[in-house]
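Hi there,

Here is the structure I promised to pass on. Have a look at it first, and then read on for what turned up.

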Amino acid sequence: MKYLSALLAPFLALVRDRALILELTRREVDGRYRGASLGVLWSLVSPFLLLCIYTIAFGTVMGGRWPEVQAAGTPFSIIMFAGMIPYFVLSECMIRSPELVVGNPSYVKRVVFPLEILPWPMLLSALFHCLMNVLVFVIMRLVMQHDFEWTIIYLPFVILPIAVLGLGMAWFLASISVYFRDVRQVVGLASMALLFLSSAMIPTATVPEKYRVIFQLNPVSFIVDQVRAVLIWGTQPDWAGLVGYMLGAVAFMYAGYTWFMSTKRGFADVL
């Protein structure tokens, strides 16, 4: 029974404190657009504008590297946007995690506040924006190609492993940043490296052999390829690969949670 409780511990808080988590999630989403004229509509406008910038900046250079652009006539913007969807989930977890504890010292001083729930609202906010990105993608695909793939129903199974990985990363980074404030400077650079050294930007097959292993080991690349498979190519994802990825993500999540719980008793002394 003790082992079962330890196994379920990261998720028990999600059930026990669900009202608090939902309220913090709402504040997370609303706070980002507070004062803006368009409000939450920016969650639809922002990814579209960012995509336009990336397409203009890189489309003429990198578009030719994609055989699908040449053979099937798939627009580079569609290919790139699909790859950005899972990246945004992991990137948001990375960039926002260092501030979860450091940015909320009042929570640390409240003995009754469960600090371990702080990554959950952030992850749910990231998944909300992921949903908005998918809606933008579907609209773009229908407008530009008049097409739609039924395999989009597999998308939640593809996004779930990288969301779990982001959750584990959040517990690690939230804790470490309390003791080492330079973490906030490093994660921004690491997030950009994950983007530009992944198949989100360049197909792995076109990368020189000696550098290809970097792209293959990037945790973003595999999920990006599977997202494109279900959103663009109309094929089923690599189920065996997803299961293996999920097992690794779950192990990393438990490691992150264990680390956070073992170090949080010192947060109050540092802050």
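Which element gives the most to the lining of the second largest pocket? That is α9, with seven residues. Please keep in mind that this is a predicted model.

The second largest pocket has a volume of about 280 Å³. It is lined by 15 residues, and those closest to its centre are L127, P156, I159, L160 and A163. Two or more lining residues come from each of α8 and α9 (155-179). By class, the lining of this pocket has 15 nonpolar residues, with no polar and no charged ones.

Now for the largest pocket, which holds about 350 Å³ of space. Its lining has 17 residues, and R32, L50, F88, E92 and N133 lie nearest the centre. Elements giving two or more residues to this lining are α3 (42-62), α5 (76-96) and α8, and α5 gives the most, with six. The lining divides into nine nonpolar, five polar and three charged residues.

Is N133 buried or exposed? Its relative accessible area is 5%, so N133 is buried, since the cut-off for buried is under 20%. Leaving aside neighbours within four places in sequence, N133 is in contact with S43, P47, F81, I85 and F88.

One more residue to look at is Q226, in helix α12 (residues 219-233). Q226 counts as buried because its relative accessibility is 8%. Not counting residues up to four places away in sequence, Q226 touches V158, P237, D238 and L242.

Enjoy exploring!

Definitions and conventions: Residues are numbered from 1 along each chain as its sequence is written. This is a predicted model: local features need pLDDT of at least 70, side-chain atom pairs count only at pLDDT 80 or more; totals for chains, interfaces and linings use all residues. Side-chain values use heavy atoms; hydrogens and water are left out. Helices (H or I, at least four residues) and strands (E, at least two) are DSSP runs, numbered from the N terminus. Buried means under 20% relative accessible area, exposed over 50%, partly exposed in between (1.4 Å probe, protein chains only). Contact means heavy atoms within 4.5 Å. On a 1 Å grid over the protein atoms alone, a cavity is a set of points where a 1.4 Å probe fits but cannot get out, and a pocket is an open set with protein on both sides within 12 Å along at least five of seven lines; lining residues have an atom within 4 Å of a point. Grid points are joined across faces, edges and corners, and a volume is the space filled by probe spheres set on the points. Ala, Val, Leu, Ile, Met, Phe, Trp, Tyr, Cys and Pro count as nonpolar, Asp, Glu, Lys and Arg as charged, and the others, Gly among them, as polar.
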